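Hi,

Here is the structure I said I would pass on to you.

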Amino acid sequence: MKESHEPALMHGAEPAEMFSDIDTAAVRTEYELLHLMRRLISRYGFGHFMIARMPLAEQQRFSERLVLSNWPSELVRQYDACETFQSSMLVDKLRFTKLPVTGGPELLDVASRPTNEAMVHRLLAHPEMARHFAVLLHTSNGDPFVAMLSGRREAPTGVECATLYLTLVQLFECLERTFDTGNATREKLSSRELECLRWAAAGKSSDEIAIILGISTYTVSSYFKSATRKLDAVNRMQAIARAMRLKLI
């Protein structure tokens, strides 16, 4: 029998219990956590999820705040362009409550009406994200994050709501562990690996990076492979995105 590499979960549990006793010590990588988030939304009838840093005083694009998500890339780009997230009703509500926040498309609308209202409503017309369930979570250092599940189903209530809240807290603890791993990664990446990632993030190809750095294309590819492995990424693009989130480049 093939050995399973899935994160440890209770086997044979009922739906409401399946994610209530996660062995957080067994989850070490962002890939494992992504797998758990996909199982979570599938189990509870949601279609999309995202975990993002709560907007504070600093100016930062929505995509730069995202830590873990399966949102459509086009939707993320549109929110970047319109800058609606930081002024959304969702963020406004989460700042004043520790309880879950639920609602429809209005949660991602701005708290005060924008001048270009038509553009905002065009962004919110995603058929698989009609309802939202969101909670405010904090790291051990007190940094605020929002975790949100979206889909067509009605808002969770009662025991299901409490179970989802606890599950997201446990999964966020797993995510915070990957932050610690990322700090260690800063020391592991070589200067050449970081240079290759920086130039790739600027849109340069391997051939162009080879010319810029005065090395062969083969060597550039080798640096990308090693950087991708150290960042626990599956490809070059994910390695670049992870390095940017960790502020390595």
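Let's start with strand 1, residues 48-53, which is mostly covered: five of its six residues are buried. Keep in mind that this is a predicted model.

Strand 1 has a partner on either count I checked. With strand 5 (residues 144-151) it runs antiparallel, joined by six bridges, and there M50 has M148 as its bridge partner. Strand 1 also pairs with strand 2 (residues 66-69), again in the antiparallel sense, over three bridges. If you want to find that pairing on screen, look for A52, which stands opposite L66.

Next, strand 4. Why can we call strand 4 largely enclosed by the rest of the structure? Strand 4 covers residues 131-138, and six of its eight residues are buried, so the rest of the structure largely encloses it. Eight bridges join strand 4 to strand 5, and the two run antiparallel; L137 stands opposite F145 in this pair. The hairpin of strand 4 and strand 5 has five residues between the strands, and G142 there takes a positive phi near 90°. Strand 4 also pairs with strand 3 (residues 101-103), in the antiparallel sense and over three bridges. In that pairing, V101 has A134 as its bridge partner.

Is F133 buried or exposed? It is buried, with a relative accessible area of 0%. Leaving out residues up to four places away in sequence, F133 touches a list of residues including F46, V101, M148, P156, C161 and Y165.

Now for a helix. Helix 9 (residues 217-230) has 14 residues and reaches 20 Å from its first C-alpha to its last, close to the 20 Å expected at 1.5 Å a residue. Which residues of helix 9 are buried? They are V220, F224, S226, A227 and T228. What do the buried residues of helix 9 pack against? They pack against helix 7 (191-201), helix 8 (206-213) and helix 10 (236-245). Just after helix 9, D232 takes a positive phi of about 55°.

Happy exploring!

Terms used. Residues numbered from 1 in each chain as written. Predicted model: local features only at pLDDT ≥ 70, side-chain atom pairs only at ≥ 80, totals over all residues. Heavy atoms only, no water. Helix = DSSP H or I, 4+ residues; strand = E, 2+ residues; numbered from the N terminus. Expected span 1.5 Å × (residues − 1). Buried < 20%, exposed > 50% of the residue type's maximum accessible area, 1.4 Å probe, protein only. Contact = heavy atoms within 4.5 Å. Pairing = 2+ DSSP bridges.
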